[in-house]
Amino acid sequence: MRAQASCLVQEGDRPLTFTWHKDGRPLDPRLDVRISQLNPFTSILVIESADAVHTGNYTCAANNAALTTTSTARLTVSVPPAWVVEPSSASVALGGTVALHCLAKGFPNPKVAWRKETVSGEFVGVATGEGGVAVWSNGTLGVTRAERRHEGRYLCEADNGVGPGLSKVVALSVNEPPWFGVRSQRQEVVVGGPARLSCEAHGDAPLSLEWSRGGAPLPPLPRYEVSERGTEGAQVSELVLHSTHITDSGTYTCTATNTHGALEADFHLLVQDVPGPPTGLTVGEEGSRHLTLTWTPPEDSNAPISAYIVTFDSQQSAIGGPREVTVEGQQRRVRLEALLPAMTYILTVMAENRVGRGQASAPLRHTTQEEQPTGHPQAVNVVAVSSTELQVTWEPPPDNLTHGTILGYYLGYKDDSEGEAGGYNFTTLGVEGTGAGVAVGVTSATLSGLRPHARYSVVLQAFNSRGAGPASPPALATTLQDNGRGGSVVEEGQRATLNNLTPWTNYSLSVAASTRAGEGVASHPIICTTNQDVPEAPAKVRAVVSGPRAAVVSWAPPSHPHGRISRYTVHWEGAGGRGDPHSRRVEPHLTHLTMHDLSHTTHQIWVTASTRMGEGPPTTVVLVKPSHTVPAGVWSVGGNQTAAWKEDISLSCGAVGVPEPSLTWTHRRKPIPARHPRVKVQPDGTLTVTDIQRKDSGHYTCTATNYHGSDSVTYNLTVLVPPSPPLLHVTETTASSIRVQWSVEDTGGAPLQGATLHYRSSGGEWVTESVEGQHKSFTATGLRCGTQHHFYLTAHNHIGTSSASKTEAARTKGRAPEPPPQFQFVTTNSTQATLYLAQWSDGGCPITHYSVQYRRAQTHHWTTVGSEVPPTRTFAVGGLDSGTTYNLKVTAHNAAGAKPAFYTVTTPGMGLTGVGGGGVGSGSVWGGASAASPVWRDPRVLVPAAVSALALILTLATICVCLRKRPSGSTGQKEVVDAGGEKVARDDQYTTVRRPAPTPPQAHHHHQQEHTGEYSEEELYPYATATFQMSGGSPPPPAPPSPPSHSHHPQPHHPQPHHPQPRSQKAFTALVYQAPSLHDVDSPNMTERESRATSRGYSYETSETEDYGSMPESAPDPRLPPHHRRPPRHLRTKCYLVCPHPGLATESPVVSASPKSRRAQPRHQHTLRPARHARSPAAGRRLSEGNSSIKDLPSDAECDLRW
């Protein structure tokens, strides 16, 4: 259909312009609208084929220069309905959703209506809003939750009043695919129990059911059993799992299938077990007495975790046992309280569910953080080791008060004279070798650079990573007197002046008087301190420009302050003396000064130091010229620096310049890395080196650079380290000592202070010995004989202790005892066997004890006489039967081992004696005497008896000769001329003394009047004494070299010296002979009669090494315990021969003299007396009547007594 609209302008000026719009918008070219202008006042719009889209308001606008006018008209185009979406038949599953679309177009818009065919064939309207049926606004019929009643034919009609309208009949089919009353089930069983899964499906027949797991059919396991049955309107399949495993957990799928589809039902089986161990134990937030523990839950055991049990225990703590904390199962963290600082705890977590408690997690070891120590170092001891050093030793704080690993100690000291106002100077001491939680390491230190003979107060604080603990109580000590620089002056008066002393130094002064004979004893020293003096000039001075009118000057303290620095003074003036001089005082703790308001001229600058005695000399002059251009300058002075190993050190680099300079540090001309782990440049340019090592030694240079120039300063750092491990070797061994020597190749840059030697015997405890630094050897004494010993050594300086040397092994000399042959060891009589224990060879190690056993021959049972027999000379085995053969077993023990010996002896018949032998009638080893010989023929009886008789005869002969030659007026008293010339009577005094050291003969007459002849108790011996007095008469002959007879031969006469000498007793030596006794036997089973008989003897000990001219001492064997030192039972006969001073003229010779002392001797009176008491003060203390002393005896005075 064609449509047309005209637009006519009735009046208006030309030219006119026409425009058309549809619904307020320009015409859309797609509308296929044609516009034409009939004349200047008429415009026509033509639509060739009008359609519904052309419906709308059309506006014509006419426009000229004066006005625009419009006119609007509406065009309506009516269109009959047409299908946009034509309805079609559909099917839907039971309970499903389906949409029957019915969409038409036209103008006006068609109305859509749905009708459903009834049983009678009539179509009635569909009731919407109930039964899951609804008609949407676009005409679509929707069915939700489709049921059987929704099945049938439906009519869709579309009409808009234009034309006949549209209609269409479609069919809706409702099918019943498989469906489940319950599509998902969950079943929980305990591991090991049975599980039953029942699947009930509905749907159109035929209906099949199948089981699967994880998309795969069930495996053919005997534990899996499937059964199926039909019910009214349903099909049921049952799956039974016997003896379930944790791996049986999962989703089992029951698939129901028919012609209309398939549907799955899921059965979730949970086989529950105890939980597994939690993992991922991690400590989060922590402190010194608490920590937060987190963990990852264990793998799912198909049962919710009801609780976690956290167990923590510390094996280091002796308080209580493991502790448990229970948290809810939803938590994954716990905060543990009431812990101990720096304590290692073993943490475990276990989970618990309704089945039970699971396994514990892998243990986590964690150490709590440290706290500051709450205890101070113990047993602080300070000892002066030199005039400038104090040795400080201490013990670490108690372990329960360290609260961490002791990293070191703050050692503080101050001059005690400063009192409470003085502050402590602290130095840091590091610790080596730490074990976790154990305070080990440095326990001694040396304070150096102290004032001589000054009293210092010392305190110690232990510190760990958290800080320092309390200080120990102050310990006081005084340094020694200064012996490093001493001297002496000689003055005749009672006043002396000492010059050229060092200012502000302690000196020890003593005075000694001198005569022509020599210098006497010095007085008790006094301590004097020299006064302070003006100090030396500061060590270095440096000046740099810091601004247009400013400069910085710096310096180093004086090397020798000669007192306490009270201030520094900076002086400056214009170069060449131009301008007024200026000065500024600086506090003594500062070493730099910034000067302002300087003129742009060259300035001369110097620095002085002052004490209370005045100002010291100036430093060298440095020049500086301020300017507007400020190049980079470094005012730090640098120089040599010394640091101890593992300490921290800071090297300053104060720099100025405009613009601000950049700083770079180099070590040995190589740049220091920006991320060095131990070396860091601080924001102010200071270089900090932590945990310093020896490789850090060398030159450190700081260079400051800006646009105008650069400057640098260099430090020479020396790092002192502990010594290298010593080289240890064994140089000498004896039976009881081992000598070791060592050397240290590298002392670490510091002098050695000493070494620590550790040694022990095999299986014994370690013994520690400290050796001073100057010694390089040590002899370990008191060691067990014949035993292996191990040694190792550490050396130390004031920095620390070296590593241990290699362990050296060495054995002391000695072996097990060696038994003597039978003929030397045992003798017998009818009831006893005497064992001569002294005949055993000790093998180099003293014998500690013997064990003695015996038995009758041809028997097996041993009878023990003694298992701890001390090493006496003899031992008696009594209670034997006469004429019987016995086996003896004697075992000697020493430190090197034990050695048994077996002997066979036969006791003789009554009244006979014998030695050990094979049996009765054996020949004796003493001259072949028969075992049945009388006892008086036994050589061990005959020889001592003969010797004793001979000694008695000689003694009596000597007494007779002395009595015959004694003046008739001789009495028991002698007249002695005292210092006043009067004669004083005194008793004879007798004693025997050791031969003293030789005295030159030419000195005798100078000292004869001064000697008193008195001696100490240590020189008195309790033996029979022979006393010789000078008298007139013809000299007897000297003794021949062969055994002497008792005849006398004349000797040439030697006159007396010219100066008169009083008759006096002179010094002598003595030779002792002891006759052994057969019955001198120590026996535990000696009869009472024998014991009473021997108790009347004089008790003393013999000596096996009584040399010529020596005297035996009555001392017990030091090798034996006190209860084993038995006194001898019998008197041993001794004889003495004493000789006078051979250097004087005498009237008769001595009985016997050695060839080198055969000269004329004075006649003597001989007296022999037994000493019946020990060394007693009551014994005589003078040997002579005159002033001649025993010290006058020359070295060649020797006497012989032979027979």
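## Burial and the cysteines

A residue is termed buried when its relative accessible area is under 20%, exposed when over 50%, and partly exposed in between. In this predicted model, Cys845 has 0% relative accessibility and therefore counts as buried. Cys785 is likewise assigned to the buried class, at 5%.

## The Cys785–Cys845 disulfide

The sulfur atoms of Cys785 and Cys845 lie 1.6 Å apart and form a disulfide. The link of Cys785 and Cys845 is left-handed, with -75 degrees about the S-S bond. This pair connects distant parts of the chain, 60 residues apart: Cys785 sits in the loop between strands E69 (777–780) and E70 (788–797), and Cys845 in the loop between strands E73 (833–835) and E74 (847–856).

## Further disulfides

The whole structure contains 5 disulfides. One of them joins Cys7 to Cys60, with an S to S distance of 2.0 Å. Because Cys7 belongs to strand E1 (residues 3–8) and Cys60 to strand E6 (residues 56–63), the bond ties together parts that are 53 residues apart in sequence. The link of Cys7 and Cys60 is left-handed, at -85 degrees about the S-S bond, and both cysteines are buried.

Another disulfide joins Cys653 to Cys702 (S to S 1.9 Å). The torsion about its S-S bond is about -80 degrees, so the disulfide is left-handed. Both Cys653 and Cys702 are buried.

## Partly exposed cysteines

Cys528, at 30% relative accessibility, counts as partly exposed. Cys960 is in no disulfide, and the nearest cysteine sulfur, that of Cys962, is 9.2 Å away. With 47% relative accessibility, Cys960 also counts as partly exposed.

Key: Residues numbered from 1 in each chain as written. Predicted model: local features only at pLDDT ≥ 70, side-chain atom pairs only at ≥ 80, totals over all residues. Heavy atoms only, no water. Disulfide = S-S within 2.5 Å. Helix = DSSP H or I, 4+ residues; strand = E, 2+ residues; numbered from the N terminus. Buried < 20%, exposed > 50% of the residue type's maximum accessible area, 1.4 Å probe, protein only.
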